[in-house]
Amino acid sequence: MSSKRDLFSKYAVKVDLVKPKRTVFIIRPENVRPLFKDLIEQHGYESFYISTIVGTDLPGEGKIRLDYYVVLLPEEETIVVRTYLDRNNPVIDTLVDIVPGVFNGECETHDLLGIFFRGNPYLKRGFFVSLDIAEKGIYPLRKDSGV
Amino acid sequence: MKRPKLVELVLQNLLRKPATIQYPREKTPVEEDSRGIQYADLTKCTGCTLCALECPADAIKMTPIPQGYEIPAKNPKKIYPLIDYLKCVFCYRCVKICPVNAFIVTSKYDIAGPIQINSEEYSLSTVKKVSG
Amino acid sequence: MVCNMTVTKVVEIPLVTTEVPIGPQHPALHEPLLLKVYADGEEVVKVEVNTGYNHRGVEKLCEKNTFYRDIFIAGRVCGICNTVHANCYVRALEYLLDIKPNNRARYLRVLAMELERIHSHMIINAIMAEIVGFETLFMQIMLDRERVMKAKEILTGNRVLGDYMMIGGVRRDIDEVKRARIRDLLVKLKPRIEFYKKVFEEDETIIKRLVEVGLLKPVDVTSHSLVGPVARGSGVRIDSRASDKYDAYDEIPFNVITRTEGDSWARMMVRWDETLEALNMCLYILEKLPADGNPVPDEKRLPRVIPQGESYARVEAQRGELTYYVMSDGKSTYPYRVKIRTPSFNNIINSAFMYVGLSLADVPVALTSLDPCISCMERVIVIDLEKNTKYKLTLKELAGGRV
């Protein structure tokens, strides 16, 4: 268990906490993919699953926050991998080819918040929200979207 | 392989009377305290509009009490919550949040019908009509 | 006579596979979901999951409503799992507020959630019986399910939508008469559940249709983020009741059921065993319900503004791990962000790989064994998602090797 956490600490810029007692590792966006690659290489696919991807728009800071909620197995401990993206150009490397379970989360976040996952061939605008909104280039969960 | 006695069960059920209820000819039995329609007791209501603000379904609209009814003095704005039962989700948030406990609760549930139904008739029946 | 026939007719064998849409209006599926099945003869080579027939956009709606109104909105994300949704959201708020309900309230919450688990598992097993063509069993299970619905009505005041959770406790207490009535109903239900479990174990029709259909390996489960009975049916022990120990799950004894077979049958059997576990838990709660004060908080006195912060609650819904993320900016009575991730969102969308290699008739069985809850899935995520296959190799191999 400690070794898995060490791996996260290695990449972490800062460590935080989400209630109740979920450790947050804030890492740089370019490190997300290497982190999960290392995790799979060292501990295998059966040592974790990515439960949720939460994107939050923070217009005050000009950023979009992206959280990966990872459940470590078999102890079932939830930890958070958090990264901040530039709001005007939110791009991050995809995980879909190494962890297929992020497929739904990435597609959802792309359409609702406009985060572009580089290398994910399945991203398509206009299949989450109805087409009339998607065509206007509106991302509904952005705070200034006016939806 | 041993088989469970499903055939026996089917035969038993053949002799039993049907388990279904012929609604609406026959009423479905409900608990006395199940959440049915609720309406404001106008002798208690102060017209504070808290229930209308808290309603998750926006089913409550504060409406003036019509002419010809005795309006209690504690209701200065002379308004009462009119519940649209077709919008209401029967969560009883209004009942629980009311500062003067003005809501009367019932277990009446069969409100579906061709006409618009709201709490007007029920609420107004709680206050006396004044002549003229 | 030897006939020198010239060729008059040419039968063209199409090199492409046949596309069979299953759903969104299909007798086998009770909810609007489209499975675009590409079949080669009878064999499925690729499945696309197409959804979006039911979307409402609940996350945005939650941002536009107050914290307290959201409790009821969360409860209406899904009909069958409404108390777990409300519980998860309410607990996320409680983490922010640092409120802990008293023991009686915690026990009553578990009672409501476990009653819901019983009836949810019964309905999906009934639907499975119907899908394999066993309608008598469907009717029988639904008849006995009414007992649980009655128990839930006695406890929460409504058959389906309980609206039972409130910050700091539950919304109505239970007295001795009600306790005895619920216990009576559950005691009568227990032999029935054992009987149905036996039917699923021994009946030839069911075994022929379910065993070895829709196999899932443990490694596929974790890499595709599948949760709940689907994961436990493949031997992956994921149960947030046991790991997070929320509410009274730390005090009530129960077993986490896992099976190693990993097929549709194993998933249904996990559900029957969990139903029995849930029944025992309910009986335990009714037996040992603590009496440490009033479990019903005064809703008028609860704080209107939630302190700044973030919280992430997990709950083991009937279909798997359900998570709510709530962020409050501490200034207004509206949440800044609510993120709902339901189990069906993972289980249905990410599992398209499972159908490859099945015969067409097995697709509804495999889908039902995942316990699809489309309203859960879609209201939450606002999607019309198209699953392009990640298994192009498999497709080519299967199609190429055959034609």
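Which residue just after H4(C) takes a positive phi? C:Gly133 does, at about 90 degrees.

This is a predicted model: local features need pLDDT of at least 70, side-chain atom pairs count only at pLDDT 80 or more, and totals for chains, interfaces and linings use all residues. Residues are numbered from 1 along each chain as its sequence is written, and chains are lettered from A and ligands numbered from 1 in the order in which they are written.

**View 1. Helix H4 of chain C.** H4(C) covers residues 103–131, 29 residues in total. Helices are DSSP runs (H or I, at least four residues), numbered from the N terminus. From first C-alpha to last, H4(C) reaches 42 Å, close to the 42 Å expected (1.5 Å times one less than its number of residues). Of its 29 residues, 27 are buried, so H4(C) is largely enclosed by the rest of the structure. Buried means 20 or more other C-beta atoms within 10 Å of a residue's own, with C-beta atoms placed from the backbone.

**View 2. The contact of chains B and C.** Each chain gives 20 residues. Contact requires C-beta atoms, placed from the backbone, within 7 Å. On chain B, helices H1 (6–15) and H3 (93–97) each supply at least two residues. H3(B) gives the most, with 3 residues. The chain B side has 11 nonpolar, 1 polar and 8 charged residues. Nonpolar covers Ala, Val, Leu, Ile, Met, Phe, Trp, Tyr, Cys and Pro; charged covers Asp, Glu, Lys and Arg; the others, Gly among them, are polar.

**View 3. The two domains of chain C.** Domain 1 spans 18–53 + 346–402, and domain 2 spans 58–213 + 234–342. These bounds come from an automatic or database domain assignment. In chain C, 17 residues of domain 1 contact 22 of domain 2. Helices H13 (363–369) and H14 (374–381) each supply at least two residues of the domain 1 side.

Notes. Two residues are in contact if their C-beta atoms, placed from the backbone, lie within 7 Å. A residue is buried if 20 or more other C-beta atoms lie within 10 Å of its own, exposed if 12 or fewer, and partly exposed in between; C-beta atoms are placed from the backbone.
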